[in-house]
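Biologist: I am new to this structure and would like to know what stands behind each label. Please set the values against the definitions as we go.

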Amino acid sequence: MERRKFLKETFKWGAGLGILAGMYSWQLEPFWLEFVRIKMPVKNLPGHLIGKTLMQISDIHIGNSFDYQYIIDSFKEAQSLKPDFVVYTGDYVSYEDDSQFIQLKDVLAHAVTGSMGTVAVLGNHDYGINYEEERVASEITGQLINAGVTVLRNEAVQMSGLQIIGIDDMWGINFYPEKAMKQFKEGASTIVLCHNPDVCDLPVWNNYKGWILSGHTHGGQVKPPFLPPPMLPVENRNYTAGVIDLEDGRSLYINRALGCLLQVRFNVRPEITLFTLERED
């Protein structure tokens, strides 16, 4: 009888903890935003940019899978930090139909912009169904431009002495990384944006040494303690989240995403990253 009572109590406690963990991963952590602060040494950084801030926002995934008022509230909080540069690294919608265009317009009315420049690249979900709809990509690009964001589609731009190169999405229909990286100039202070970090493993980098900012993985969204996340949408399983030294002069940073495809997170809080620019010795 004592053993039966013990098993019964254990089951009750286990079920209760399971319910609490489920509620936490569904209703709390997906909206528990973390501002991650990191130093970013950049080669040949002009003196007037030392100490300036560059904010990365990634994977907002506006759509029907979660209440995107949270994204608007996060944007307002981010804007209060008064970033000098803002970069967006793709996946602005979880596209199902054209209603996402209306939803995105509501959100971009509160877009975070930098005092010295605001730049974006597209992600795979910004290419619509099967990642092959240029019509969807063009609409999202237009909305970003109207919100004061410069969209780079295998292009480069100079902003206050900082060169930013934007590679279009690896899974989309406009992926020409060689075209983007041909614009890299030796000696220029440069960072590169590409949504999918798997691009780092392609032979397209034109001797670039510096920072690459990506998103796409969401950090797996669910990560058991002390174990790697079981689901990652990348070939290179080392590309999870955070700073990764590529050991060839390049440093990769993978943002854990502000939004989510499905409203569930465990041990992988949503983030906005705030880099402080430094001159690399």
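Modeller: Buried means under 20% relative accessible area, exposed means over 50%, and partly exposed lies in between, with a 1.4 Å probe and protein chains only. By that rule both Phe75 and Tyr88 are buried. The model is predicted, so local features need pLDDT of at least 70 and side-chain atom pairs count only at pLDDT 80 or more, while totals for chains, interfaces and linings use all residues. Residues are numbered from 1 along each chain as its sequence is written, and side-chain values use heavy atoms, with hydrogens and water left out.

Biologist: What makes Phe75 and Tyr88 an edge-to-face pair?

Modeller: Rings of Phe, Tyr and Trp (its six-membered ring) pair if their centres lie within 6.5 Å; planes under 30 degrees apart count as stacked, over 60 as edge-to-face and the rest as tilted. The count by this rule is 11 aromatic pairs. For Phe75 and Tyr88 the centres are 6.3 Å apart and the planes stand at 70°, so the pair is edge-to-face. Phe75 lies in helix H2 (residues 69–79) and Tyr88 in strand E3 (residues 85–89), so the pair ties together parts that are 13 residues apart in sequence. Helices (H or I, at least four residues) and strands (E, at least two) are DSSP runs, numbered from the N terminus. One aromatic cluster is formed by Phe31, Phe66 and Tyr70.

Biologist: Why is the pair of Arg153 and Glu134 called a salt bridge?

Modeller: The term asks for a side-chain nitrogen of Lys or Arg within 4 Å of a carboxyl oxygen of Asp or Glu. The closest N and O atoms of Arg153 and Glu134 are 3.0 Å apart, so the pair meets the rule. This bridge links distant parts of the chain, with Arg153 in the loop between strand E5 (150–151) and strand E6 (155–159) and Glu134 in helix H4 (residues 134–146), 19 residues apart. Arg153 also meets Asp168 in a salt bridge, at 3.1 Å from N to O. Here Asp168 sits in the loop between strand E7 (162–167) and helix H5 (177–181), and the partners are 15 residues apart. The structure holds seven salt bridges.

Biologist: Why does Arg256 count as buried?

Modeller: Arg256 counts as buried because its relative accessibility is 16%. Its place is the loop between strand E11 (251–254) and strand E12 (271–279). Salt bridges that share partners join Arg256 with Glu34 and Glu271 into one network.

Biologist: What does the side chain of Arg256 reach at 2.7 Å?

Modeller: That side chain reaches the backbone oxygen of Arg269. A polar contact is a pair of N or O atoms within 3.5 Å; within protein, one must be able to donate a hydrogen and the other to accept it, and residues adjacent in sequence count only if both atoms are side-chain atoms.

Biologist: How do you know that Arg269 lies over the face of Trp32?

Modeller: The rule asks for NZ of Lys or CZ of Arg within 6 Å of the ring centre and within 35 degrees of the ring normal. Arg269 lies over the face of Trp32 at 3.7 Å from the ring centre.

Biologist: Why is Ser58 called buried?

Modeller: Ser58 has 1% relative accessibility, so Ser58 counts as buried. Ser58 is in the loop between strand E2 (53–57) and H2. The side chains of Ser58 and Asp59 make a polar contact at 2.5 Å. Contact means heavy atoms within 4.5 Å, and Ser58 touches residues including Thr89, His216 and Asn255.

Biologist: How many disulfides are there?

Modeller: A disulfide is a pair of cysteine sulfur atoms within 2.5 Å, and the count comes to zero. For Cys194, the nearest cysteine sulfur is that of Cys200, 5.0 Å away, so Cys194 is in no disulfide. Cys194 counts as buried because its relative accessibility is 1%.

Definitions and conventions: Lists of a residue's contacts leave out its neighbours within four places in sequence.
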